[in-house]
Structure formats: C-alpha cells, structure tokens
Amino acid sequence: MRTMTAAAARRTALAAQGFAGPRPAPGANRRSIHRALERTQLLQLDSVSAVVRAHYAPVFSRIGSYDRDLLDEMAWRHSARRPRRLVEYWAHEAALLPVEDWPLLRWRMSRYRDGRWGGAVRVLERNPGLPKDVLEVIRDFGACTAGEVEKHLELDRPRTKGHWGWNYSDTKVVCELLFATGELSVDKRIGFQRYYDLTERVIPPDILAREIDEPDAVRELVRRASGALGIATEADLRDYYRLHRRQTEPAIADLVDAGELDEVAVSGWDRPAYLRAGARTPRRVEGAALLCPFDPLIFFRPRTERIFDFHYRIEIYTPEHKRVHGYYVFPFLLDGELVARVDLRAERATGRLLVPGVFAESGRDAAAVVTALAGSLREMADWLELETLEVGERGDLADALRAVCGPSGRRRRTAASAGGRSNSA
C-alpha cells in the first residue's frame, strides 16, 4: 500500500478544493466561478447572514472578489440564452449543485416520501389532501412561497414551534415535503425565501427524464466527492453528500477496482485513505483565505481536525456567555495551514465589517498572520461594499490587528470591488 505524509495529504486536499493555484484577476467572471464550483461540486446553503450567505463565501475564498449576482443567475434565473446551471436539493444538507446532478439523488427523493422530519406525517394525517391542493396552486399560479400558496388556498392554519424555534405552517411543511420528494423544486429565492415551482418547470426535460439506479448514483456521488476532496477516508467521502456507510463501502470498492481510487496510508491517520486518481500534490501551498463555517474544505469537522489539527465547532447555538471564540467564526487559511480564528459580522446599515474577536492558533508567527489577515479582511470589506473595518477587543491578535487596520479605519472603494448586491444576499 502506498504511504503519504500528513503534510502531503493536506496539500492534496487543498489543491483539490482550489487553494493551490493562482487566483484570477480581480472582478472574476463566470468562468472563474464555474471553475470554483467544479472544485467544490456543491455549495451548502444556510440561513445565517451574519457576514454573507454561506453559499457566496466559498467562491470568494477561492477566487477573491466577484459579483454575487452572477452566482444568483446560475442558481435562480434562467433563460434560453443562459440556462440554469445550479439547482437546490438535499446534498450536504441544503445545497446548490449542478443541475445535471439532480437525477443522482432520485433515490433520496423516494426515501423522503414521508418528509425529512416526522412532522410531515402528522400534517398529512390532519389534512391528507393538502399536497394535491398545493400542487394545484403552484401549477395554476407559478412559482410561489409557502406563504403565497397559503393565501391562494385562503388558509389560516396554526403554527407550532419546531426545531430551533422555526415556525412552520402546515402549508410550509407540505411544500418542504414536496421539495424533498422531488415533486417541487426551487425556481428562485428572493430575500432568501424559496419560491417553489413544479420540478418539470425547473429541471430541463432531458435531465428530468434521466433514471439512475441507486448503486450507480451513489458510485457517481462518491466519485465526485473524491474529486472534491482529493484524498479522503470512507467517512469523509460518506459525509460529502450525506450518504450511509452501507452505500459508500461498495462504491469505494468498485472505484478502487476500476483504478479511480487508490488506497493509501497517511501518517497519523487512524484509518485508510483513498487518493483520487490524478489528484495533484503540490510542493507548496501559498496564499490566504477566510473560510466561512460551511466551506466544503472544513464543513466535516472530524476531517478538519485530522488534516489541520484544528478543533472547530460553530458557536451560533451556544449561549453567548459560553462562547469561546464568537458567534460566527471564520478560520483563517494561510500558506496551507489554519492559523487563526476570526469572529466576523457585517453591519450593512452602518457600512462596517466588524471583527469582535481574533485568535491565533498555537505556535504561529503572529506578525505574519496579522499582516496577511489585515489584507484578507480589507478584501472582504471591499467585496461586501462595506466602507469601514472595525477591530474589537477580544482575542490575542486583536491589539496587533487593530494597530495595522486602525480601530475604525474607513476603507477606500477600489475598482476591483465587484461585490454586486443581490436580492438573495
């Protein structure tokens, strides 16, 4: 069995995710965004907008400043001239993925016939005709939010508190059920609200007609995960599309037999790894990037700890007095290592990018980290069209970063600031 050092495995993983090459020129265009998406294969969606919606940030981390409206166009607008390139579905949680990958998840849609949560069953017991009514409204009126569907149906149904306090009506539950089963898809988002439409009006007919058996679909998902990860354990490959071990193990065996994966031993890893055929292992990885909590490089926390020796947990749901690093913390990647944690907040009303706290990882060169981090924060502020970068008091790097950036430094807009605002931002 081939062996690899942990450092080589880390560089392989970074290269696979698009962090080992030069960035495109400022004001990246569609082609640069496409290349970033080819690396990640998917972009996780999340409702938190403390800085910027989660699906926008990984593209910025890889290519720098770009117009977010271009990504919106790929996902939520379509025309004969520019067909839809991305579609929403449950992949690694809710995610944007290439529209041609939609058939690879049909098996999951069939398993969600009773919804993703037990609440859907109770709603159907109360009102078994509601799915048919919802579909008829959307068929007649076009893409709608759940609230608009409810108005068309003239319903005033009680809402009950759900997980994390979400307040879903029966109509919303049914819309989500139909989305999970593939009968509805998401035509667009405005203000981050889903506008549901009939899947036949969202997915192109040739893709919609494609049927793929579950073993073949899972094998292809594992193949795509291996390309996105470069080198991975079975658990890493399983997590990327939230598969089950009983699915991934035979798929991995098939890909090893076909020569598409090579089983290797990585120093310090306690389980076998699988190297994607053709994966690049660069001699060095240089550059800096702020990584949002849902970036595909780090969203599987056991892998993040194994590869970077970086224990990371998001603290959004932790009571404020118990948080260690902050509410919405971005790990900071510098020259192939995770070297710091940065609590960030975009305050759009006042045009400020706030840095309440910034913390160095043990053993890092604080001066080098601060210099690189200041540049990355200024780049992010420009991208988000925020005029001021304001550093707070928390963390062992706060004083040094404030000395470089100033306590409340106004940033000058540059020609490279192409961070177009959008309805989904």
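1. Strands β10 and β11 (residues 273–276) run antiparallel and are joined by 4 bridges. Strands count as paired if DSSP finds at least two bridges between them. Helices (H or I, at least four residues) and strands (E, at least two) are DSSP runs, numbered from the N terminus. Glu263 has Tyr274 in β11 as its bridge partner. The two strands form a hairpin with 6 residues between them. In the turn, Gly268 has a positive phi of about 90 degrees.

2. A note on the basis. This is a predicted model, in which local features need pLDDT of at least 70 and side-chain atom pairs count only at pLDDT 80 or more, while totals for chains, interfaces and linings use all residues. Residues are numbered from 1 along each chain as its sequence is written, and side-chain values use heavy atoms, with hydrogens and water left out.

3. Strand β1 (residues 2–4) pairs with strand β10 (residues 261–266) in the parallel sense, over 3 bridges. Thr3 has Ala265 in β10 as its bridge partner. For Met4, the partner in β10 is Val266.

4. Another open sheet has 3 strands, in the order β2-β4-β3, and its pairing is antiparallel. β2 (43–44) and β3 (86–91) are the edge strands, each with a single partner strand, so one side of each has no neighbour in the sheet. β2 pairs with strand β4 (residues 93–98) in the antiparallel sense over 2 bridges. Leu43 stands opposite Leu96 in β4. Helix α4 (residues 68–76) packs on this sheet and touches β2, β3 and β4. The direction of α4 makes about 75 degrees with that of β3. Contact here means heavy atoms within 4.5 Å.

5. Helix α4 also packs against a helix. Helix α2 (residues 30–40) and α4 pack at an angle of about 65 degrees, their axes 10 Å apart. Axes are lines fitted to C-alpha atoms, for helices over the stretch in contact, and angles run from 0 to 180 degrees between N-to-C directions. The crossing of α2 and α4 is right-handed. A crossing is right-handed if the near helix is turned clockwise from the far one by less than a right angle, and left-handed if anticlockwise. Arg30, Ile33, His34 and Leu37 of α2 meet Leu70, Leu71, Glu73 and Met74 of α4. These contact residues divide into 5 nonpolar, 1 polar and 2 charged. Ala, Val, Leu, Ile, Met, Phe, Trp, Tyr, Cys and Pro count as nonpolar, Asp, Glu, Lys and Arg as charged, and the others, Gly among them, as polar.

6. The axes of helix α8 (residues 146–153) and helix α9 (residues 170–180) come within 9 Å and cross at roughly 120 degrees. The two helices are therefore oblique to each other. Angles under 35 degrees count as roughly parallel, over 145 as roughly antiparallel, 65 to 115 as roughly perpendicular and the rest as oblique. The crossing of α8 and α9 is right-handed. Ala146, Val149 and Glu150 of α8 touch Thr171, Lys172 and Cys175 of α9. By class, the contact of α8 with α9 has 3 nonpolar, 1 polar and 2 charged residues.

7. Helix α15 (residues 366–383) and helix α16 (residues 398–405) pack at about 60 degrees, with their axes 10 Å apart. That angle makes α15 oblique to α16. Their crossing is right-handed. From α15, the contact takes Val370, Leu373, Ala374, Leu377 and Arg378; from α16 come Ala400, Leu401, Val404 and Cys405. The contact of α15 with α16 has 8 nonpolar, no polar and 1 charged residues.

8. Aromatic pairs number 8 in the whole structure. Rings of Phe, Tyr and Trp (its six-membered ring) pair if their centres lie within 6.5 Å; planes under 30 degrees apart count as stacked, over 60 as edge-to-face and the rest as tilted. Tyr240 and Phe299 have ring centres 5.4 Å apart and planes at 50 degrees, so this pair is tilted. The pair links distant parts of the chain, 59 residues apart. Tyr240 lies in helix α12 (residues 234–240), and Phe299 in the loop between β12 (288–290) and α14 (301–308).
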